[in-house]
Amino acid sequence: MKKGTQTKIKLGVWLSIGVIGTLALALSYSPTTFGLAEINKSKDVIKTETTASNPFQPKEDEEQQEKKKTDNPKPTKESSVSLSLNDFSKEQREPFVKLATDAFIANHIDLPDSNYELDIFGDISEETTTAEIWWHPKVKAGAEPPYKGLLESYFVNLTDVDFEKGTGTIKKIEICIRRDIASFKPNTMFAPYIDQAKKVWKDKNMKIPESGYDLAGCLLIKPITEKETIALVDLYWYPIYTRSNNVYQAVHDKLYYVQFSDVDLKKGTGTVENVETDEEETRIVQEKAPEPIIRRVKLTPSQVASYIQMAKDAFQAKQVKLPESGYWISSTISYYDDQPKRPPEVDIRWYPDGVAEGTDHAFIKDRVYIASFDDVDLDKGIGELMHLEVRRNDPS
């Protein structure tokens with residue numbers, strides 16, 4: 001593919017959550033579901049303030065913070081690991097949901113309907129605190145969830161977040177809606193761009209088959225200054241894939257792509273930026289990689305002591321207070337029997353009393369605190385903290 005001078009298609013896997021699958025690899029072009037062009041301008045200035053209850057403990061006073069800087073002048077490995085949060089009550093969600101929906105309305109974006117459900121994730125790192133607000137289609141009970149790379153989504157990314165005040169700066173807004181081309185009924189947001197794209201293909205004497213394709217409409221809005229934003233619309237005609245014994249084969253061997261820049265959703269206007277077809281990305285045919293052979297073993301009290309302490313220190317560094325009662329600690333070490341050179345990993349979890357080890361988080365209404373370590377040496381009681389998380393299913 002040729003790349004535009006202002007933008008470029010970013011190849012890669014949607015997020016980094018587990019094994020997405022060959023089909024997602026074939027179709028994913030960016031961190032959002034279907035692929036949005038990346039912008040080279042990055043200033044963020046839109047801020048909204050509301051109020052929210054505090055899911056964390058009060059911050060240390062200045063004297064305590066200064067003492068920590070003196071006692072620990074260099075950041076530890078633990079402090080360099082971000083804290084992932086899925087720990088918001090209905091009241092704590094409200095200011096962020098309002099911020100996101102207000103941003104949709106201000107940009108003339110159709111809001112997600114009742115067939116979508118909401119997820120909010122937070123992340124605290126040394127550089128900044130971020131939050132992600134997602135609306136994605138509901139999955140019917142008993143149905144197999146689609147690959148992440150095929151999910152439709154409404155997404156708002158916030159940075160400089162204050163979870164106590166419910167405030168943040170809009171980093172970007174991304175939306176993707178995907179339908180089978182034969183049944184695609186575009187909403188008011190994408191309809192004018194689909195019509196313009198069809199005219200582009202007609203002018204090039206190219207006809208897209210009326211079956212065997214999905215059509216994805218994707219929107220990216222990124223603030224640059226207080227009064228200026230970049231808005232792009234991407235349209236993708238994706239070949240539908242068939243599956244047989246975990247092998248995926250495209251019905252057609254071409255992908256069609258049109259990008260619009262200088263987008264004004266209110267007027268339904270934009271400038272055609274890129275017009276491309278691709279014969280390579282749609283030809284990926286590969287079996288899913290086999291699941292690793294993992295053997296999990298309980299740690300003895302003497303083995304686990306150092307990892308529990310490291311986990312406690314890591315949570316304390318992120319100002320998260322672990323429960324002193326009503327919880328029990330699960331500790332396991334995972335060996336990768338099919339990868340003998342891979343070091344084992346230790347997983348430490350604080351579960352509410354009465355909750356069995358390994359219980360699906362969707363069925364746990366209280367918080368679960370998770371710390372994971374890799375490059376583990378049990379004899380020395382050492383390892384590197386690789387993941388820190390607080391999870392809870394909102395009971396409301």
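Me: How many bridges join strand 6 to strand 7, and do they run parallel or antiparallel?
Reply: Keep in mind that this is a predicted model. There are 5 bridges between strand 6 and strand 7 (residues 153-162), and the two run antiparallel. One partner pair there is tryptophan 134 with phenylalanine 155 of strand 7.

Me: And what about strand 5 and strand 6, how many bridges there?
Reply: Strand 5 (residues 116-124) and strand 6 (residues 129-137) are joined by 9 bridges, and they are antiparallel. Isoleucine 120 has isoleucine 133 in strand 6 as its bridge partner.

Me: What does glutamate 126 meet in a salt bridge?
Reply: Lysine 318, at 3.3 Å from N to O. Glutamate 126 is in the loop between strand 5 and strand 6, while lysine 318 is in the loop between helix 5 (301-317) and strand 16, so the two are distant parts of the chain, 192 residues apart.

Me: Are those two buried or exposed?
Reply: Glutamate 126 is partly exposed, because its relative accessibility is 48%. Lysine 318 has 7%, so that one counts as buried.

Me: Which other residues are linked in a salt-bridge network?
Reply: Asp87, Arg367 and Arg392 are linked that way. Within it, arginine 392 and aspartate 87 meet at 3.2 Å, N to O. Aspartate 87 sits in the loop between strand 4 (83-86) and helix 3 and arginine 392 in the segment after strand 19 (382-391), so this pair ties together parts 305 residues apart in sequence. Arginine 392 is buried at 17% relative accessible area, and aspartate 87 is buried at 2%.

Me: Switching to helix 3: what do its end C-alpha atoms say about its length?
Reply: They are 24 Å apart, which agrees with the 24 Å that its 17 residues (90-106) should span at 1.5 Å a residue. Buried residues in helix 3 include Phe96, Leu99 and Phe104. After the helix comes histidine 108, with a positive phi near 60 degrees.

Me: OK, disulfides. How many are there in the whole structure?
Reply: The search finds 1. It is between cysteine 176 and cysteine 218, with the sulfur atoms 2.5 Å apart. The link is right-handed, at 115 degrees about the S-S bond. Cysteine 176 is in strand 8 (residues 167-180) and cysteine 218 in strand 9 (residues 213-223), distant parts of the chain 42 residues apart. Both cysteine 176 and cysteine 218 are buried.

Me: What else links strand 8 and strand 9?
Reply: A salt bridge does: arginine 178 and aspartate 214 have their closest N and O atoms 2.9 Å apart. Arginine 178 belongs to strand 8 and aspartate 214 to strand 9. Arginine 178 is buried at 9% relative accessible area, and aspartate 214 is buried at 15%.

Technical notes
Residues are numbered from 1 along each chain as its sequence is written. This is a predicted model: local features need pLDDT of at least 70, side-chain atom pairs count only at pLDDT 80 or more; totals for chains, interfaces and linings use all residues. Side-chain values use heavy atoms; hydrogens and water are left out. A disulfide is a pair of cysteine sulfur atoms within 2.5 Å. Helices (H or I, at least four residues) and strands (E, at least two) are DSSP runs, numbered from the N terminus. Buried means under 20% relative accessible area, exposed over 50%, partly exposed in between (1.4 Å probe, protein chains only). Two strands pair if DSSP finds at least two bridges between them. The expected span of a helix is 1.5 Å times one less than its number of residues. A salt bridge is a side-chain nitrogen of Lys or Arg within 4 Å of a carboxyl oxygen of Asp or Glu.
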